[in-house]
Amino acid sequence: MILSVGNIKKSFNEIPILKNVSFHIEDYDKAAIVGINGAGKTTLLRIIMGELSADEGVVTVSHDKTIGYLSQNEAVSGENTIYNELLSVKQDIIDLEQRMRSVELQMHSASEDALQRLMDTYAGLTHAFESANGYAYKSEVTGVLKGLGFTEEEFGRSISTLSGGQKTRVALGKLLLLAPSLIILDEPTNHLDMSSITWLETYLLNYRGAVIIVSHDRYFLDKIANKVIEIDNTKSTVFTGNYTAYAAKKEMLRTAEYNAYMKQQQEIKHQEEVIAKLKSFNREKSIRRAESRGKMLEKMDVLDRPTQVRADMHLTLTPQYESGNDVLHVENLSKSFGALTLFEHLAFDIKKGEHVAIIGDNGTGKTTILKIINALVAPDAGEIRLGSNVAVGYYDQEHHVLHMDKTLFEEISDDYPALTNTEIRNTLAAFLFTGEDVFKQVKALSGGERGRVSLAKLMLSEANFLILDEPTNHLDIMSKEILEDALNAYMGTVLYVSHDRYFINKTATRILDLNRKTLTSYLGNYEYYLEKKDGQLALIDAGRQTADSNMPHANSLALSSKNGNDGKVPDTHAVDNRQEWLARKEQQAAQRKKENDIKKCEKQIEELENRNAQIDALMASPEVCTDVAKLQELSKERESNDSQLIGLYEKWELLSE
């Protein structure tokens, strides 16, 4: 065992945040701590690290174990270069190497007696150097830096010139190189692009120590976690498995708890009605019976109402009217900033009802595309046309659609003057702003709160074409799920940029990958993109080589170009159509197979349940209940059936996802 957390309690201003929180971390555990914003996750991490004292409870770390902690937005500082900052973690190995070089020099001029002593010293130093992986420490530093998204050209940059996000990435790199027994990471993916997150997933999965992660990135948690520690309503519950397994079990538990609570509430109400009725008879016996029932009611262990987080925020997206079938046409779009070319000759179309996600590494120009479509940034070249009856609703990650000096009430009332005061308050209440909250200024809100206001305005817009820039930023997991449900129920068209792979997987029907200054289309969700991207990129590379050999001055291969195929550049639009047709056929075949598997599974469940009912009836019958041998035979059969049913239920749940 590395870490034990026992019965931790913590309150702020007499408001309990954590109560009796207990769990333990074993060697090689990969644990996720989840909960809504404000549940106390970061507070718990600070208590574990000794930065905050608990009101009650004990945190125990095994004496031979070390812990490394990276808090949210933790950053490095100073004038060191990026490379030297990470290299400083290996100072003990550097010192060993210097001592080895020093001994080597002494050996050249040493006497015979001294040479043996120096050789023994050198052998010890060499062994220690090899044990510390000394011959690979520089490549290890380089690998971590590249994995976290730094190019070799950036290695020499001074820390003081970096952005806050880049400094956080350097701090993360230093922690990974320290390789403690337990790594604790608070929102480690916040400043990483998709490639870096994928690298970090692989790194942590192969890490020879334990990991605790607090994150809202569900895809990340799915890939890494084998244990989920939930903080809900001040209490902790430990689940085995990844995030998806936890979510399924949690939903079952929540439903069971809610049903038990409602059943008890109905029983309490019934008993109160009976007591009131007995008292109304005003007879000695009836009053005594009422008092007896009242005492029994007082002794009842009343269940707490389960938290219904999903029911808190209410988001419904409804277009006021339908658009035409052609929603957006983009042709020959190019954009550069100085010497930096983001993309060239982009071309794509979006049809009514599509949910399209633009993905790509940081700095490739994804947000710029959305800003160009919304006329916030001018393109260098290209044409953008909206279709007939298209009404755009825009959500940007910086929340420029909000006015910092306005109150929440003014933000809604100024843009939607036809709404009554009650309607405005009801709208804000649907996004968790109640009472005096509606008179807070926008600039006083947190990132997550501003996101909720932007979503409220988006809902009121009744647009039929939603353009969203990182809509899940600053939202907790439950809020993300509410947004996912709203988008999946939305009858209009959606174009968005996101790095949230779980969100993309749930909501996208098509993906546009901005890579190598061009867009590649994938007709499917994120899992489909992962399956097909290598083949698509190989096609693009082949097209580039053909174009480069025939047209030396060509800058890039434009997808879906309107300039036609002159025999030198492959007709990638035709390739796209063919690939989309094949993808659609694959999806249809996979869907048919899944439906058949579900039917087959349901039939097996029904047959086993019917057989169990027959067995129960037989075991209760007079001719069998006295036959011990027959009873044992039937009992074994039922046990076997029950075991099969458990497996079939799990299989059915997986197929029904």
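In which order do the three strands of the open sheet stand? The views below come from a predicted model, in which local features need pLDDT of at least 70, side-chain atom pairs count only at pLDDT 80 or more, and totals for chains, interfaces and linings use all residues. Residues are numbered from 1 along each chain as its sequence is written, and side-chain values use heavy atoms, with hydrogens and water left out.

**View 1. The open sheet.** The order is β11-β10-β13, with antiparallel pairing. Strands (E, at least two residues) and helices (H or I, at least four) are DSSP runs numbered from the N terminus; two strands pair if DSSP finds at least two bridges between them. β11 (340-351) and β13 (381-386) are the edge strands, each with a single partner, so one side of each has no neighbour in the sheet. From one strand to the next, the twist averages 15°.

**View 2. Strands β10 and β11.** β10 (residues 326-337) is joined to β11 by eight bridges. Leucine 333 has leucine 346 in β11 as its bridge partner.

**View 3. Helix α11 on the sheet.** α11 (residues 366-373) touches β10, β11 and β13, contact meaning heavy atoms within 4.5 Å. Its direction makes about 60° with that of β11; axes are lines fitted to C-alpha atoms, for helices over the stretch in contact, and angles run from 0 to 180 degrees between N-to-C directions.

**View 4. Helices α6 and α7.** The axes of α6 (residues 164-178) and α7 (residues 194-205) come within 12 Å and cross at roughly 20°. Leu172, Leu176 and Leu177 of α6 meet Trp199, Leu200, Tyr203 and Leu204 of α7.
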